[in-house]
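Biologist: I am new to this kind of model and would like to learn how to read it. Could we go through it feature by feature?

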Amino acid sequence: MGTATSYGNVRFIRHHGPKDYRIRSIDTSRTTSLGTANLRQEGLKRLDEELAKGDGRAALSVIRDLQGKPSGLRCFGAARQVPQRLYTLDELKLNGIQTSSLLSPVDATLGSIERNLQLAALLGGTAAWKALALDAQQLLYISLGLLFMWSLDAIAYNGGIGSLLLDTIGHSISQKYHNRVIQHEAGHFLIAYLVGVLPRGYTISSLDALKQEGSLNVQAGTSFVDYEFLEEVNTGKVSATMLNRFSCIALAGMATEYLLYGCAEGGLSDINQLDGLLKGLGFTQKKADSQVRWAVLNTILLLRRHEAARAKLVDAMSKGRSVGDCIDIIEEVIKDVDI
């Protein structure tokens, strides 16, 4: 990617033990004078509670209890998708899609910030050397100390400290970078919900990810509840439905950037994750290209159709709203004719 950090890291979440099977249902047959929206909000409040406890199965059960019901959730897994077949690059171009600008992300914004920081560090070090009149031995010791810290970060934390610092500085000094990251993650969130995968949570910065996960090796990104997908992956056989969902979610962040800015900067880890899955399933290059092209076209068309929902979702995510609140916004904005 040309930099020490990246964003748009899609994470699928494993679930643990029998306790996940303690599931309570929402009584969607109950009616109140407050109408159907209140039932949905009650269910989404329960959803946030289950997610806060880390109970993914119960959270997904809440969603499925309300799925497809007038008093519940109309949009979960209800995306109108394009037929799956082999699409040529010319067909994608006819739909206004240049895959070279979408599938080859280079983080120019953060890369520029990184280069400027390196230049500033070099100039600052030179100024300090002259001001403090350091001799050659002192300079050697300082250089060895810095090299040791860099090596420790690379080996022990997989570059996590450097990535954290660079990402934090990027969010602080570049509104362009900050906005791109939020747009990217909103794309992941929206497409996942529409194709039937429940978002578990999201982080906009590496610092947020550190606070939530307690690990320097976790990048900012959107995580999902999908134990069914993981179970299929562990067997070495993934159904077409599951693969289609994963493919669209993986490409959604880059597709969002492409639609807004003309090219993608974040999402290299998403591409690598999808590529690794397709190779692990034994896909030939031709079959993998077919899968990716369909997913690109399908995801782009969904994002275009639901642009208003994505824009509202960006605003909610920038304010740190809960998963339930974000879902409620999607359900409010998307009209029946667009499902």
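Biologist: Which residues of α15 are buried?

Modeller: Buried means under 20% relative accessible area, exposed means over 50%, and partly exposed lies in between, with a 1.4 Å probe and protein chains only. Helices are DSSP runs of H or I with at least four residues, strands are runs of E with at least two, and both are numbered from the N terminus. In α15 the buried residues are Val323, Gly324, Cys326, Ile327, Asp328, Ile329, Ile330 and Glu331. Eight of the eleven residues of this helix (residues 323-333) are buried, so α15 is largely enclosed by the rest of the structure.

Biologist: What kind of model is this, and how are residues numbered?

Modeller: This is a predicted model, in which local features need pLDDT of at least 70 and side-chain atom pairs count only at pLDDT 80 or more, while totals for chains, interfaces and linings use all residues. Residues are numbered from 1 along each chain as its sequence is written, and side-chain values use heavy atoms, with hydrogens and water left out.

Biologist: How many helices and strands are there in the protein?

Modeller: The protein has 15 helices and three strands. Of its 339 residues, 46% count as buried.

Biologist: What is a contact, and what share of them joins residues 24 or more positions apart?

Modeller: Contact means heavy atoms within 4.5 Å. Among contacts in the protein with a separation of 6 or more, residues 24 or more positions apart account for 80%.

Biologist: Which residues have the most contacts inside the largest nonpolar core?

Modeller: In soluble globular proteins, nonpolar side chains tend to be buried together. A nonpolar core is a set of buried Ala, Val, Leu, Ile, Met, Phe, Trp, Tyr and Cys residues joined through side-chain atoms within 4.5 Å. The largest one here has 78 residues, and Leu47, Phe189, Leu198 and Ile327 have the most contacts inside it. Leaving aside neighbours within four places in sequence, Leu198 is in contact with Leu47, Ala59, Leu60, Ile63, Phe76, Phe224, Val225 and Ile327.

Biologist: Where is leucine 60, and is it buried or exposed?

Modeller: Leucine 60 is in helix α2, and it is buried, with a relative accessible area of 4%. Not counting residues up to four places away in sequence, leucine 60 touches Phe76, Leu198 and Tyr227. Leucine 60 and aspartate 226 are 166 residues apart in sequence, yet their C-alpha atoms are 8.7 Å apart in space.

Biologist: At what angle do the axes of α2 and α10 cross?

Modeller: Axes are lines fitted to C-alpha atoms, for helices over the stretch in contact, and angles run from 0 to 180 degrees between N-to-C directions. Angles under 35 degrees count as roughly parallel, over 145 as roughly antiparallel, 65 to 115 as roughly perpendicular and the rest as oblique. The axes of α2 (residues 56-66) and α10 (residues 227-235) come within 11 Å and cross at roughly 120°. The two helices are therefore oblique to each other. Arg57, Leu60 and Arg64 in α2 meet Tyr227, Glu228 and Glu231 in α10.

Biologist: Where is threonine 299, and which residues is it in contact with?

Modeller: Threonine 299 is in helix α13 (residues 285-305), and at 0% relative accessibility it counts as buried. Leaving aside neighbours within four places in sequence, threonine 299 is in contact with Ile191, Cys248, Ala252 and Ala255.

Biologist: Where is leucine 103 found, and what does it touch?

Modeller: Leucine 103 is in the loop between α4 (99-102) and α5 (108-132). At 24% relative accessibility, leucine 103 counts as partly exposed. Not counting residues up to four places away in sequence, leucine 103 touches Leu251, Ile271, Val292 and Val296.

Biologist: How many disulfides are there?

Modeller: A disulfide is a pair of cysteine sulfur atoms within 2.5 Å. By this rule the count is zero. Cysteine 75 is buried, with a relative accessible area of 1%, and cysteine 326 is buried at 0%.
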